[in-house]
Amino acid sequence: MQLISIDLVRRLIEQMDGGANINTQPFLTFMPIGWYRVEIETCIEEKESTEIVQRLVMVFEHEKADYENFIEFVKNLEASELKAFIEPVTSFDSHLQQKIEKFQDGIFANFGQHIGGDLLSNLFYITCHIAQNDREAPDWFDFQQRQEHDLDALAQAFLSVSMSDLTKDKKLFEEYNRDDRYWKIIYQSYRLFKSQYNACVERLLNDRWTEKSPTNGSTYKPDYPPLPEPSDAVKRQVKERDDYRCLCCGENRRNLLQIDHINPKYHGGDHSLDNLQTLCSVCNTMKGTEVINFCLHKTLLNAPKATFPHLQLTPSHYKIEAHGQSQLNLRRSINFLYYCNAINHTYIDSSIWQIHLHAGNDPRWILSHQKYLFSEIIQARKKAGYSKPESMVINAPGFDVVAPIKI
(Lines give C-alpha, C1' and ligand atoms only; values in the text may rest on other atoms or scores of the structure.)
Protein backbone atom coordinates (compact mmCIF):
# COMPACT_ATOMS: atom_id res chain seq x y z
CA MET A 1 0.00 0.00 0.00
CA GLN A 2 1.40 3.38 -1.01
CA LEU A 3 2.29 5.52 2.00
CA ILE A 4 1.48 9.22 1.55
CA SER A 5 1.33 12.03 4.09
CA ILE A 6 -0.60 15.24 3.54
CA ASP A 7 1.74 17.14 5.85
CA LEU A 8 4.77 15.67 4.13
CA VAL A 9 3.80 16.63 0.60
CA ARG A 10 2.35 19.97 1.69
CA ARG A 11 5.88 21.03 2.68
CA LEU A 12 6.66 21.22 -1.02
CA ILE A 13 4.56 24.37 -1.12
CA GLU A 14 7.37 26.20 0.64
CA GLN A 15 9.59 25.63 -2.40
CA MET A 16 7.09 25.84 -5.24
CA ASP A 17 4.03 28.00 -4.58
CA GLY A 18 5.33 31.55 -4.47
CA GLY A 19 3.14 32.52 -7.42
CA ALA A 20 6.09 33.59 -9.57
CA ASN A 21 8.01 30.33 -9.94
CA ILE A 22 10.82 30.24 -12.49
CA ASN A 23 12.25 26.73 -12.33
CA THR A 24 15.93 26.36 -13.13
CA GLN A 25 15.86 22.56 -12.70
CA PRO A 26 13.57 19.75 -13.89
CA PHE A 27 10.30 19.72 -11.96
CA LEU A 28 10.87 16.27 -10.46
CA THR A 29 13.93 17.68 -8.70
CA PHE A 30 11.44 19.18 -6.25
CA MET A 31 9.47 15.97 -5.79
CA PRO A 32 10.73 13.40 -3.26
CA ILE A 33 11.69 9.94 -4.48
CA GLY A 34 10.44 8.55 -1.18
CA TRP A 35 10.80 8.81 2.57
CA TYR A 36 12.04 7.07 5.68
CA ARG A 37 9.50 6.32 8.38
CA VAL A 38 11.10 6.82 11.77
CA GLU A 39 9.57 5.68 15.03
CA ILE A 40 10.91 7.21 18.23
CA GLU A 41 9.95 7.43 21.89
CA THR A 42 9.42 10.98 23.08
CA CYS A 43 8.92 12.46 26.53
CA ILE A 44 5.84 14.59 27.26
CA GLU A 45 6.89 16.80 30.15
CA GLU A 46 3.47 18.17 31.05
CA LYS A 47 2.03 14.65 31.30
CA GLU A 48 5.19 13.11 32.80
CA SER A 49 4.87 10.24 30.34
CA THR A 50 6.25 8.98 27.06
CA GLU A 51 4.70 8.10 23.73
CA ILE A 52 5.77 6.57 20.42
CA VAL A 53 5.80 9.08 17.58
CA GLN A 54 6.14 8.32 13.88
CA ARG A 55 7.62 10.84 11.47
CA LEU A 56 8.32 10.76 7.75
CA VAL A 57 11.68 12.04 6.53
CA MET A 58 11.33 13.19 2.92
CA VAL A 59 14.29 12.35 0.64
CA PHE A 60 15.14 13.84 -2.74
CA GLU A 61 17.00 12.19 -5.60
CA HIS A 62 20.33 13.98 -5.22
CA GLU A 63 20.64 13.14 -1.52
CA LYS A 64 19.50 9.49 -1.28
CA ALA A 65 23.07 8.14 -1.29
CA ASP A 66 24.07 10.62 1.43
CA TYR A 67 21.18 9.49 3.64
CA GLU A 68 22.19 5.86 3.14
CA ASN A 69 25.80 6.64 4.06
CA PHE A 70 24.66 8.58 7.14
CA ILE A 71 22.48 5.66 8.29
CA GLU A 72 25.39 3.23 7.90
CA PHE A 73 27.64 5.61 9.83
CA VAL A 74 25.17 5.89 12.72
CA LYS A 75 24.54 2.13 12.83
CA ASN A 76 28.26 1.57 13.43
CA LEU A 77 28.76 4.24 16.10
CA GLU A 78 30.04 3.28 19.53
CA ALA A 79 27.39 2.81 22.21
CA SER A 80 28.71 5.86 24.06
CA GLU A 81 28.06 8.05 21.01
CA LEU A 82 24.45 6.85 20.73
CA LYS A 83 23.67 7.05 24.45
CA ALA A 84 22.22 10.58 24.29
CA PHE A 85 19.67 9.46 21.67
CA ILE A 86 18.46 6.27 23.36
CA GLU A 87 16.43 7.85 26.16
CA PRO A 88 13.03 9.36 25.27
CA VAL A 89 13.72 12.76 23.73
CA THR A 90 11.94 16.02 24.49
CA SER A 91 13.40 18.35 21.89
CA PHE A 92 16.24 18.84 19.46
CA ASP A 93 18.36 21.01 21.76
CA SER A 94 21.68 22.70 20.96
CA HIS A 95 23.71 19.90 22.57
CA LEU A 96 22.14 17.24 20.36
CA GLN A 97 22.35 19.51 17.34
CA GLN A 98 26.10 19.80 17.77
CA LYS A 99 26.35 16.01 17.85
CA ILE A 100 24.30 15.66 14.67
CA GLU A 101 26.41 18.31 12.93
CA LYS A 102 29.50 16.32 13.87
CA PHE A 103 27.93 13.07 12.59
CA GLN A 104 26.90 14.49 9.21
CA ASP A 105 30.12 16.39 8.57
CA GLY A 106 31.73 15.03 5.42
CA ILE A 107 28.76 12.81 4.51
CA PHE A 108 26.29 15.29 3.02
CA ALA A 109 28.34 16.78 0.21
CA ASN A 110 25.30 18.79 -0.96
CA PHE A 111 24.30 20.04 2.49
CA GLY A 112 23.52 23.52 1.16
CA GLN A 113 21.32 22.12 -1.62
CA HIS A 114 18.87 20.33 0.66
CA ILE A 115 15.26 20.90 -0.38
CA GLY A 116 12.78 19.31 2.00
CA GLY A 117 12.59 20.81 5.47
CA ASP A 118 15.36 21.03 8.09
CA LEU A 119 18.09 18.52 7.22
CA LEU A 120 19.61 18.47 10.72
CA SER A 121 16.19 17.71 12.22
CA ASN A 122 15.72 14.87 9.72
CA LEU A 123 19.10 13.41 10.69
CA PHE A 124 18.24 13.83 14.38
CA TYR A 125 15.04 11.76 14.01
CA ILE A 126 16.87 9.07 12.03
CA THR A 127 19.60 8.88 14.68
CA CYS A 128 17.02 8.56 17.48
CA HIS A 129 15.24 5.80 15.56
CA ILE A 130 18.47 3.82 15.11
CA ALA A 131 19.53 4.34 18.72
CA GLN A 132 16.14 3.37 20.17
CA ASN A 133 15.51 0.42 17.83
CA ASP A 134 18.64 -1.69 18.40
CA ARG A 135 20.54 -0.09 15.47
CA GLU A 136 17.76 -0.95 13.03
CA ALA A 137 17.53 1.39 10.05
CA PRO A 138 14.15 3.06 9.46
CA ASP A 139 11.89 1.58 6.78
CA TRP A 140 12.09 3.13 3.31
CA PHE A 141 9.04 3.83 1.12
CA ASP A 142 9.19 4.77 -2.55
CA PHE A 143 6.96 7.59 -3.80
CA GLN A 144 5.40 5.28 -6.37
CA GLN A 145 3.28 7.99 -8.03
CA ARG A 146 6.23 10.36 -8.48
CA GLN A 147 6.45 10.02 -12.26
CA GLU A 148 2.71 10.69 -12.53
CA HIS A 149 3.27 14.11 -10.91
CA ASP A 150 5.80 15.44 -13.41
CA LEU A 151 4.60 18.87 -14.54
CA ASP A 152 7.44 18.99 -17.09
CA ALA A 153 5.96 15.95 -18.85
CA LEU A 154 2.51 17.53 -18.79
CA ALA A 155 3.90 20.80 -20.16
CA GLN A 156 5.75 18.94 -22.94
CA ALA A 157 2.58 17.08 -23.88
CA PHE A 158 0.58 20.33 -24.11
CA LEU A 159 3.33 22.05 -26.11
CA SER A 160 3.33 19.22 -28.64
CA VAL A 161 -0.29 19.77 -29.76
CA SER A 162 -2.16 22.76 -31.08
CA MET A 163 -5.03 23.95 -28.88
CA SER A 164 -6.60 27.22 -27.85
CA ASP A 165 -5.79 28.87 -24.54
CA LEU A 166 -9.32 28.14 -23.32
CA THR A 167 -9.03 24.45 -24.19
CA LYS A 168 -5.62 24.23 -22.54
CA ASP A 169 -6.90 25.92 -19.38
CA LYS A 170 -9.85 23.52 -19.23
CA LYS A 171 -7.60 20.47 -19.57
CA LEU A 172 -5.19 21.83 -16.97
CA PHE A 173 -8.09 22.43 -14.56
CA GLU A 174 -9.29 18.85 -15.12
CA GLU A 175 -5.77 17.57 -14.36
CA TYR A 176 -5.65 19.58 -11.13
CA ASN A 177 -8.96 18.05 -9.99
CA ARG A 178 -8.12 14.42 -10.76
CA ASP A 179 -8.94 12.11 -7.87
CA ASP A 180 -5.86 9.96 -8.52
CA ARG A 181 -3.43 12.88 -8.20
CA TYR A 182 -2.11 14.83 -5.21
CA TRP A 183 -2.12 18.24 -6.91
CA LYS A 184 -4.66 19.66 -4.44
CA ILE A 185 -2.44 18.58 -1.55
CA ILE A 186 0.68 20.12 -3.03
CA TYR A 187 -1.05 23.29 -4.28
CA GLN A 188 -3.78 24.88 -2.22
CA SER A 189 -5.37 26.55 -5.25
CA TYR A 190 -5.61 26.09 -8.99
CA ARG A 191 -3.94 29.49 -9.41
CA LEU A 192 -0.76 28.23 -7.72
CA PHE A 193 -0.84 24.99 -9.70
CA LYS A 194 -1.17 26.89 -12.98
CA SER A 195 1.60 29.28 -11.95
CA GLN A 196 3.93 26.32 -11.46
CA TYR A 197 2.83 24.83 -14.80
CA ASN A 198 3.59 28.15 -16.54
CA ALA A 199 7.04 28.18 -14.95
CA CYS A 200 7.70 24.69 -16.35
CA VAL A 201 6.62 25.83 -19.82
CA GLU A 202 8.96 28.84 -19.69
CA ARG A 203 11.93 26.72 -18.64
CA LEU A 204 11.27 24.15 -21.36
CA LEU A 205 11.00 26.88 -24.00
CA ASN A 206 14.18 28.54 -22.77
CA ASP A 207 16.00 25.19 -22.79
CA ARG A 208 14.83 24.55 -26.34
CA TRP A 209 16.40 27.74 -27.65
CA THR A 210 19.57 27.68 -25.54
CA GLU A 211 20.51 23.97 -25.57
CA LYS A 212 23.74 23.09 -27.34
CA SER A 213 24.97 20.12 -29.29
CA PRO A 214 26.07 17.09 -27.22
CA THR A 215 29.41 17.27 -29.04
CA ASN A 216 30.46 20.40 -27.17
CA GLY A 217 30.14 18.86 -23.71
CA SER A 218 26.75 20.32 -22.79
CA THR A 219 23.97 18.16 -21.41
CA TYR A 220 21.61 17.21 -24.22
CA LYS A 221 17.87 17.50 -23.68
CA PRO A 222 15.54 15.83 -26.16
CA ASP A 223 13.25 17.75 -28.46
CA TYR A 224 9.55 17.52 -27.66
CA PRO A 225 7.11 15.90 -28.01
CA PRO A 226 8.61 13.03 -25.98
CA LEU A 227 8.90 9.60 -27.56
CA PRO A 228 5.96 7.27 -26.95
CA GLU A 229 6.61 4.02 -25.14
CA PRO A 230 8.08 1.13 -27.17
CA SER A 231 5.38 -1.09 -28.66
CA ASP A 232 4.29 -4.24 -26.85
CA ALA A 233 5.91 -6.27 -29.60
CA VAL A 234 9.27 -4.55 -29.07
CA LYS A 235 9.03 -4.97 -25.28
CA ARG A 236 8.30 -8.68 -25.71
CA GLN A 237 11.23 -9.04 -28.11
CA VAL A 238 13.62 -7.44 -25.61
CA LYS A 239 12.39 -9.60 -22.72
CA GLU A 240 12.72 -12.75 -24.84
CA ARG A 241 16.25 -11.73 -25.84
CA ASP A 242 17.13 -11.22 -22.16
CA ASP A 243 15.57 -14.57 -21.17
CA TYR A 244 12.89 -12.83 -19.09
CA ARG A 245 15.39 -11.86 -16.42
CA CYS A 246 16.56 -8.58 -14.98
CA LEU A 247 20.03 -8.10 -16.44
CA CYS A 248 21.21 -6.46 -13.23
CA CYS A 249 19.99 -8.61 -10.32
CA GLY A 250 18.59 -11.70 -12.08
CA GLU A 251 14.95 -11.26 -10.96
CA ASN A 252 12.73 -13.55 -13.09
CA ARG A 253 9.23 -12.78 -11.82
CA ARG A 254 7.67 -11.50 -15.03
CA ASN A 255 5.24 -9.12 -13.36
CA LEU A 256 8.23 -7.17 -11.97
CA LEU A 257 10.13 -6.84 -15.26
CA GLN A 258 10.28 -3.56 -17.17
CA ILE A 259 11.95 -2.25 -20.32
CA ASP A 260 14.65 0.34 -19.62
CA HIS A 261 16.42 2.72 -22.00
CA ILE A 262 20.21 2.30 -21.56
CA ASN A 263 20.65 5.87 -22.77
CA PRO A 264 17.49 7.42 -21.26
CA LYS A 265 14.90 9.24 -23.34
CA TYR A 266 15.69 12.30 -21.25
CA HIS A 267 19.17 12.36 -22.79
CA GLY A 268 17.93 11.63 -26.31
CA GLY A 269 17.90 7.81 -26.20
CA ASP A 270 15.77 6.01 -28.80
CA HIS A 271 13.79 2.76 -29.00
CA SER A 272 16.41 0.75 -30.91
CA LEU A 273 16.94 -2.76 -29.59
CA ASP A 274 20.57 -1.94 -28.77
CA ASN A 275 19.33 0.81 -26.43
CA LEU A 276 16.79 -1.33 -24.57
CA GLN A 277 17.35 -3.76 -21.72
CA THR A 278 15.23 -5.75 -19.26
CA LEU A 279 15.35 -4.59 -15.63
CA CYS A 280 13.14 -5.26 -12.64
CA SER A 281 11.26 -2.35 -11.11
CA VAL A 282 13.78 -2.00 -8.25
CA CYS A 283 16.86 -1.88 -10.50
CA ASN A 284 15.09 0.42 -12.97
CA THR A 285 14.29 2.87 -10.18
CA MET A 286 17.87 2.75 -8.85
CA LYS A 287 19.26 3.42 -12.34
CA GLY A 288 17.09 6.51 -12.87
CA THR A 289 18.40 8.65 -15.74
CA GLU A 290 21.98 7.36 -15.59
CA VAL A 291 23.53 5.66 -18.62
CA ILE A 292 24.31 2.08 -17.50
CA ASN A 293 24.46 -0.85 -19.92
CA PHE A 294 23.76 -4.09 -18.06
CA CYS A 295 24.05 -6.01 -21.34
CA LEU A 296 27.81 -5.58 -20.92
CA HIS A 297 29.83 -7.99 -18.78
CA LYS A 298 32.92 -5.78 -18.49
CA THR A 299 32.93 -2.43 -16.72
CA LEU A 300 33.69 0.75 -18.64
CA LEU A 301 34.71 2.56 -15.45
CA ASN A 302 38.34 3.28 -14.64
CA ALA A 303 37.83 3.14 -10.86
CA PRO A 304 35.18 1.91 -8.41
CA LYS A 305 32.42 4.21 -7.15
CA ALA A 306 33.22 6.12 -3.97
CA THR A 307 30.30 4.58 -2.07
CA PHE A 308 29.00 1.03 -2.19
CA PRO A 309 25.40 0.79 -3.50
CA HIS A 310 22.92 0.05 -0.71
CA LEU A 311 22.76 -3.71 -0.12
CA GLN A 312 19.12 -3.71 1.15
CA LEU A 313 19.56 -6.88 3.20
CA THR A 314 17.09 -7.76 5.96
CA PRO A 315 17.15 -10.58 8.50
CA SER A 316 14.47 -12.51 6.59
CA HIS A 317 16.79 -12.71 3.57
CA TYR A 318 19.07 -15.05 5.51
CA LYS A 319 16.53 -17.77 6.13
CA ILE A 320 17.16 -20.87 4.05
CA GLU A 321 14.13 -20.28 1.81
CA ALA A 322 15.19 -16.71 1.17
CA HIS A 323 18.73 -17.23 -0.08
CA GLY A 324 17.51 -16.48 -3.59
CA GLN A 325 16.51 -12.97 -2.49
CA SER A 326 19.88 -12.51 -0.79
CA GLN A 327 21.62 -13.24 -4.06
CA LEU A 328 19.39 -10.80 -5.96
CA ASN A 329 20.31 -7.99 -3.58
CA LEU A 330 24.00 -8.90 -3.60
CA ARG A 331 24.08 -9.03 -7.42
CA ARG A 332 22.21 -5.72 -7.67
CA SER A 333 24.63 -3.83 -5.43
CA ILE A 334 27.80 -5.24 -6.98
CA ASN A 335 26.61 -4.74 -10.57
CA PHE A 336 25.75 -1.12 -9.76
CA LEU A 337 29.27 -0.78 -8.32
CA TYR A 338 30.75 -1.81 -11.69
CA TYR A 339 28.03 -0.14 -13.83
CA CYS A 340 27.54 -3.36 -15.84
CA ASN A 341 26.49 -6.99 -15.43
CA ALA A 342 29.82 -7.83 -13.80
CA ILE A 343 28.78 -10.93 -11.83
CA ASN A 344 29.04 -14.29 -13.55
CA HIS A 345 27.50 -16.21 -10.66
CA THR A 346 27.24 -16.24 -6.87
CA TYR A 347 26.95 -18.96 -4.28
CA ILE A 348 25.71 -18.44 -0.72
CA ASP A 349 25.46 -20.89 2.14
CA SER A 350 25.70 -20.64 5.90
CA SER A 351 29.50 -20.62 6.04
CA ILE A 352 30.83 -19.18 2.79
CA TRP A 353 29.84 -16.55 0.25
CA GLN A 354 31.27 -16.82 -3.27
CA ILE A 355 31.26 -14.04 -5.87
CA HIS A 356 32.60 -14.91 -9.32
CA LEU A 357 33.02 -11.97 -11.72
CA HIS A 358 33.20 -11.92 -15.49
CA ALA A 359 36.60 -11.31 -17.10
CA GLY A 360 37.79 -7.71 -17.10
CA ASN A 361 36.35 -6.76 -13.70
CA ASP A 362 38.81 -6.19 -10.86
CA PRO A 363 37.63 -8.08 -7.73
CA ARG A 364 39.66 -5.70 -5.58
CA TRP A 365 36.98 -3.05 -6.19
CA ILE A 366 34.69 -5.04 -3.88
CA LEU A 367 37.45 -5.35 -1.29
CA SER A 368 37.73 -1.55 -1.15
CA HIS A 369 34.19 -1.59 0.33
CA GLN A 370 34.53 -4.77 2.37
CA LYS A 371 34.01 -3.02 5.74
CA TYR A 372 30.51 -1.87 4.75
CA LEU A 373 29.69 -5.11 2.94
CA PHE A 374 30.73 -7.37 5.82
CA SER A 375 28.98 -5.14 8.37
CA GLU A 376 25.67 -5.45 6.50
CA ILE A 377 25.97 -9.22 6.18
CA ILE A 378 26.98 -9.80 9.80
CA GLN A 379 24.29 -7.56 11.32
CA ALA A 380 21.48 -9.05 9.23
CA ARG A 381 22.52 -12.62 10.07
CA LYS A 382 22.88 -11.77 13.74
CA LYS A 383 19.37 -10.36 13.90
CA ALA A 384 18.05 -13.47 12.18
CA GLY A 385 19.74 -15.67 14.78
CA TYR A 386 22.48 -17.02 12.49
CA SER A 387 26.23 -17.01 12.92
CA LYS A 388 28.29 -14.88 10.56
CA PRO A 389 29.77 -16.45 7.40
CA GLU A 390 33.24 -17.84 7.96
CA SER A 391 34.71 -16.50 4.74
CA MET A 392 34.08 -14.92 1.35
CA VAL A 393 35.57 -15.82 -2.03
CA ILE A 394 35.85 -13.13 -4.72
CA ASN A 395 37.51 -13.90 -8.03
CA ALA A 396 37.62 -13.15 -11.75
CA PRO A 397 39.52 -14.60 -14.72
CA GLY A 398 42.98 -13.09 -14.90
CA PHE A 399 43.16 -12.37 -11.17
CA ASP A 400 44.38 -14.58 -8.38
CA VAL A 401 41.52 -15.89 -6.28
CA VAL A 402 40.85 -13.55 -3.40
CA ALA A 403 40.03 -16.25 -0.90
CA PRO A 404 39.27 -16.99 1.73
CA ILE A 405 38.62 -13.60 3.29
CA LYS A 406 37.93 -14.17 6.96
CA ILE A 407 34.85 -12.29 8.15
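How many salt bridges does a search of the whole structure find? The search finds 14. Keep in mind that the model is predicted.

**The whole protein**

The protein has 15 helices and nine strands. For contacts in the protein between residues at least 6 apart in sequence, 66% join residues at least 24 apart.

**Helices α3 and α6**

Hide the surface and select residues 64-75, helix α3, together with residues 119-132, helix α6. Their axes come within 10 Å and cross at roughly 40 degrees. The two helices are therefore oblique to each other. The crossing of α3 past α6 is right-handed. Show the side chains where they touch: on α3 the contact uses Tyr67, Phe70, Ile71, Val74 and Lys75, and on α6 it uses Leu119, Asn122, Leu123, Ile126, Thr127 and Ile130.

**Helices α4 and α5**

Next select residues 79-86, helix α4, and residues 94-104, helix α5. Here the axes are 11 Å apart and the packing angle is about 135 degrees. Is this pair oblique or roughly antiparallel? Roughly antiparallel needs an angle over 145 degrees, so α4 is oblique to α5. This contact is made by Glu81, Ala84 and Phe85 from α4, and by Leu96, Lys99, Ile100, Lys102 and Phe103 from α5. The crossing of α4 past α5 is left-handed.

**Asp134**

Select Asp134, in the loop between α6 and β3. Its phi is near 55 degrees, a positive value in a residue other than glycine. With a relative accessible area of 62%, Asp134 is exposed.

Go to Arg181, in the loop between α8 and α9. Arg181 and Glu148 are 33 residues apart along the chain, yet their C-alpha atoms are separated by 7.8 Å. Is Arg181 buried or exposed? Its relative accessible area is 16%, so Arg181 counts as buried.

**Lys194 and Asp169**

Now select Lys194 and Asp169. They form a salt bridge in which the closest N and O atoms are 2.7 Å apart. Lys194 belongs to helix α10 (residues 190-210) and Asp169 to helix α8 (residues 165-176), so this pair ties together parts 25 residues apart in sequence. Lys194 is partly exposed, at 30% relative accessibility, and Asp169 is also partly exposed, at 27%.

**Arg241 and Asp242**

Move along to Arg241 and Asp242. Their side chains meet in a salt bridge, 3.0 Å from N to O. Colour the two by accessibility: Arg241 is partly exposed at 40%, whereas Asp242 is buried at 8%.

While you are in this region, select Tyr244, in the loop between α11 (232-241) and β4. Tyr244 has a positive phi of about 50 degrees although it is not a glycine.

**Asp260 and Lys287**

The last stop is the salt bridge between Asp260 and Lys287, where the closest N and O atoms are 3.2 Å apart. This pair links distant parts of the chain, 27 residues apart: Asp260 is in strand β4 (residues 257-261) and Lys287 is in helix α12 (residues 281-287). Are the two residues buried or exposed? Asp260 is buried, with a relative accessible area of 5%. Lys287 is buried too, at 1%.

Methods
Residues are numbered from 1 along each chain as its sequence is written. This is a predicted model: local features need pLDDT of at least 70, side-chain atom pairs count only at pLDDT 80 or more; totals for chains, interfaces and linings use all residues. Side-chain values use heavy atoms; hydrogens and water are left out. A salt bridge is a side-chain nitrogen of Lys or Arg within 4 Å of a carboxyl oxygen of Asp or Glu. Helices (H or I, at least four residues) and strands (E, at least two) are DSSP runs, numbered from the N terminus. Buried means under 20% relative accessible area, exposed over 50%, partly exposed in between (1.4 Å probe, protein chains only). Contact means heavy atoms within 4.5 Å. Axes are lines fitted to C-alpha atoms, for helices over the stretch in contact, and angles run from 0 to 180 degrees between N-to-C directions. Angles under 35 degrees count as roughly parallel, over 145 as roughly antiparallel, 65 to 115 as roughly perpendicular and the rest as oblique. A crossing is left-handed if the near helix is turned anticlockwise from the far one by less than a right angle, and right-handed if clockwise.
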